[in-house]
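Please look at the sequence and the 3D view first, then go through the points by topic.

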Amino acid sequence: MSMLQQVSVAKKANVYFNGKVISRSVVLADDSKQTLGVVLPGEYEFATAQGEIMQVISGEFEVLLPGQTEWAVYATGTHFQLAPNVSFSIRTAQISEYCCQYI
């Protein structure tokens, strides 16, 4: 899906890693929450508070998922899922975008 319909968007951005990762919170008509973000080239570690499905909107991420020792590649149009209360790392060599759905 290339468009989110009937949403409310937070005016204030979520800014991480000195502006190298920026996202906006979106609330859908059913009160579910997603974030839309842009990641500049680099390597970053994140932690989840709840389950997430991360969809790669553009670009490509290498992801080190919890409990794994090998990085996995996720290109445009792919996604990966994360459990609550875990840490994971992503890296990218290009400007990449994502949509995070909280589950």
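S89 is placed in strand β10 (strands are DSSP runs of E of at least two residues, numbered from the N terminus). The model is a predicted one, in which local features need pLDDT of at least 70, side-chain atom pairs count only at pLDDT 80 or more, and totals for chains, interfaces and linings use all residues. Residues are numbered from 1 along each chain as its sequence is written, and side-chain values use heavy atoms, with hydrogens and water left out.

**S89 and its surroundings**
- S89 has a relative accessibility of 13% and therefore counts as buried (buried is under 20% relative accessible area, exposed over 50%, partly exposed in between, with a 1.4 Å probe and protein chains only).
- Apart from neighbours within four places in sequence, S89 is in contact with Y44, E45, E62, V63, L64 and W71 (contact means heavy atoms within 4.5 Å).

**Aromatic rings**
- The count of aromatic pairs is six (rings of Phe, Tyr and Trp, the last by its six-membered ring, pair if their centres lie within 6.5 Å; planes under 30 degrees apart are stacked, over 60 edge-to-face, and the rest tilted).
- F46 and F88 form a stacked pair, at 5.7 Å centre to centre and with 25° between the planes.
- F46 lies in strand β5 (residues 42–47) and F88 in strand β10, so this pair ties together parts that are 42 residues apart in sequence.
- F46 and F88 are both buried.
- The pair of Y74 and F80 is tilted, because the ring centres are 4.8 Å apart and the planes are at 45°.
- Y74 and F80 are both buried.
- One aromatic cluster is formed by Y16, F17, Y44, F46, Y74, F80 and F88.

**Charges over rings**
- R91 lies over the face of W71, 3.8 Å from the ring centre (a charge sits over a ring if NZ of Lys or CZ of Arg is within 6 Å of the ring centre and within 35 degrees of the ring normal).
- K33 lies over the face of Y102, at 5.5 Å from the ring centre.

- K20 is in the loop between β2 (14–16) and β3 (21–28), and is partly exposed, with a relative accessible area of 41%.
- Not counting residues up to four places away in sequence, K20 touches V38, V39, L40 and Y44.
- I95 is in the loop between β10 (87–92) and β11 (96–102), and is exposed at 53% relative accessible area.
- The C-alpha atoms of K20 and I95 are separated by 9.6 Å, with the two residues 75 residues apart along the chain.

How values were computed. Helix = DSSP H or I, 4+ residues; strand = E, 2+ residues; numbered from the N terminus.
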